[in-house]
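Reader: I would like a close look at one part of this protein. Please keep it brisk.

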Amino acid sequence: MSKAVTRTLTTSPGLLASLDPLLREWLPRQRWFAGKGRPVTGFSLVAATELLPPGGKLGLYHLLVRAHQAIAPVPGAPEQPADCYQLLIGEREALPPRLAPALIGHVADGPLAGRTVYDALYDTRPTELLLEALRTGARIGGLRFERDDSQEIRSGLVPRLVTSEQSNSSVIYGDTFILKLLRRVVPGVNPDLELPLALAREGCDRVPAPTAWIRAELAPAGAPADEAYVLGVLQPFVQGAADGWELALRELAKGEDFASAARALGRATAEVHTALARTLPTVTLGHTQVQQLVDGMVERLDAAAQAVPALRPYAPGLRSAFEALAGLAAEGCTWTAQRIHGDLHLGQCLRSPGGQWWLIDFEGEPSKPLAERRMPQPPVRDVAGMLRSFDYAAHSADPSVPGWADTCRAAYCSGYAQVSGADPRTDPVLLRAYETDKAIYEVVYEARHRPDWLPVPLSAISRLAAGADTSPSAIPATPSISSIPSSPPSPRRPRP
Ligand SMILES: Nc1ncnc2c1ncn2[C@@H]1O[C@H](COP(=O)(O)OP(=O)(O)O)[C@@H](O)[C@H]1O
Ligand SMILES: O=P(O)(O)O[C@H]1O[C@H](CO)[C@@H](O[C@H]2O[C@H](CO)[C@@H](O)[C@H](O)[C@H]2O)[C@H](O)[C@H]1O
């Protein structure tokens, strides 16, 4: 670690004030900016760490910055804290052409007046510096670079920024490691580190085991460790892998069968669920807890129908999916809940050239509070996410391949059953409720981000509202289904 990497700025009002007008312009344009559509009204500094001193060839700051935004007041709603973003800001006299896409702007006044600032994740030296800090387990100001000593990190690996659309930012090092830098950060235990570490401890090799990670300890000495911010995770790079979404679209375009890949993916999902249930707490959801789950689903439906008028005609049918689940709970059915992935879809699955599936991105739905994302949930929620994904892929095919989604959905469930011993289709009420909840989420997501895609979740909405889609007959059983136990463990009625 270079001698320059030493100083933490505890207060740097001049720095943030000089960056303010540039960040107001630049931040909302970033894919990972979570507060789209609401103007940024100002910034406040959570922490600033000087990684390379300013004024030379290259200066480098690590910043945690709160972006304050105008929020339409909702009567009675609690005030939301402003989102906190992680920024790695480089400053140079001028940017070489290769860094043009990283430009944030030219600073007019303050400590960096006359300098050009940019997103330093695009630059080699700053990202090399991060890897070196992780390799050596550095502590720089409040930044803690920590690692699993059993894994080797070679020095000198060449970095390159991942340029595809992401919710965070990732840097690949020499095709050996990938470092995900979280952009919107919150204090607390982050499932994107917590779950892969737990799975690695459990010997589950469906998830790349974290090699090293970055935390920021900003609380006073002696404060609980879980108040630290997790800022990034380094993990082995799965070489030559394609994600499940790309693969599914490729097979669809060739008119080829994806059933065996889907079955293997079902097995991989069940392996992850089984390992998580072994190593982290599970709970039984009785009437009260299920009613709370259902209340949440109904609330999301109401909010979605408010936001997207196209959903309104289906609302009564969709509500019946949730009421049916509440009805089973009222009759005494119980379900097991455990830690799950929380945001599973084809894009979160990588297949290596040998055909092995890996699950990545255990962050959960980033818009939800951390405490909610870390709550045990029925594993069927992940299954429902994947089933929706097969439906999405089928809709993207041109020409369409009749029956493709149903075949994949059935194969996935049967693969899942082979490993877990329980076929999700044998609990159609729970599955329909979770598929419905996910499809409603997707309607809102597409209306906000990709209005052209809105017909995809809406077509599922019309089937789900009519009570179709997840009934066992809608998903034909594959031969391996015969291995499913005749009395599945879920839903379970409590013993008298
Ligand atoms: N271990 C890995 N090996 C290879 N590629 C990976 C790995 N982890 C992530 N990726 C690639 O990086 C992309 C983004 O990773 P992800 O964890 O989903 O980030 P985000 O939360 O920003 O969406 C993935 O879609 C995948 O293509
Ligand atoms: O960025 P994230 O991975 O956290 O997920 C968000 O974006 C996804 C789209 O990129 C969106 O997924 C939906 O579209 C996918 C195809 O692009 C499809 O495979 C998924 O099944 C579907 O839900 C996801 O919902 C959203 O949270």
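Reader: What percentage of the 496 residues in the protein is buried? After that, take me through strand β4 (residues 83-92) and its surroundings.

Author: Buried residues make up 52% of the 496. Buried means under 20% relative accessible area; exposed means over 50%, and partly exposed lies in between (1.4 Å probe, protein chains only).

First, the ground rules. This is a predicted model, in which local features need pLDDT of at least 70, side-chain atom pairs count only at pLDDT 80 or more, and totals for chains, interfaces and linings use all residues. Residues are numbered from 1 along each chain as its sequence is written, chains are lettered from A and ligands numbered from 1 in the order in which they are written, and side-chain values use heavy atoms, with hydrogens and water left out.

Next, the setting. The protein has twelve helices and 19 strands. Both are DSSP runs numbered from the N terminus: helices are H or I with at least four residues, strands are E with at least two. The accessible surface comes to about 21,700 Å², and carbon and sulfur atoms hold 54% of it. Such areas come from the Shrake-Rupley method with a 1.4 Å probe; for residues, only the protein chains shown count as cover. Look also at contacts between residues at least 6 apart in sequence: 70% of them join residues at least 24 apart. Contact here means heavy atoms within 4.5 Å.

Now β4 itself. Ten of its ten residues are buried. In a regular strand the side chains alternate between the two faces of the sheet. On one side of β4 sit D83, Y85, L87, I89 and E91. On the other sit C84, Q86, L88, G90 and R92. Both faces are covered.

β4 has several pairing partners. Two strands pair if DSSP finds at least two bridges between them. Start with β3 (residues 59-69). Nine bridges join β3 to β4, and the two run antiparallel. Within that pairing, R66 stands opposite C84.

β12 covers residues 184-185. It pairs with β4 in the antiparallel sense, over two bridges.

Then comes β6 (residues 116-119). β4 and β6 run antiparallel and share four bridges. E91 has V117 as its bridge partner. R92 stands opposite T116.

One last stop is the loop between β4 and β5, where A102 lies. A102 counts as buried because its relative accessible area is 1%. Which residues does A102 touch, leaving aside neighbours within four places in sequence? A102 is in contact with Y118, D119 and Y122. A102 and D123 are 21 residues apart in sequence, yet 8.4 Å apart in space, C-alpha to C-alpha.

To recap: β4 bridges to β3, to β12 and to β6.
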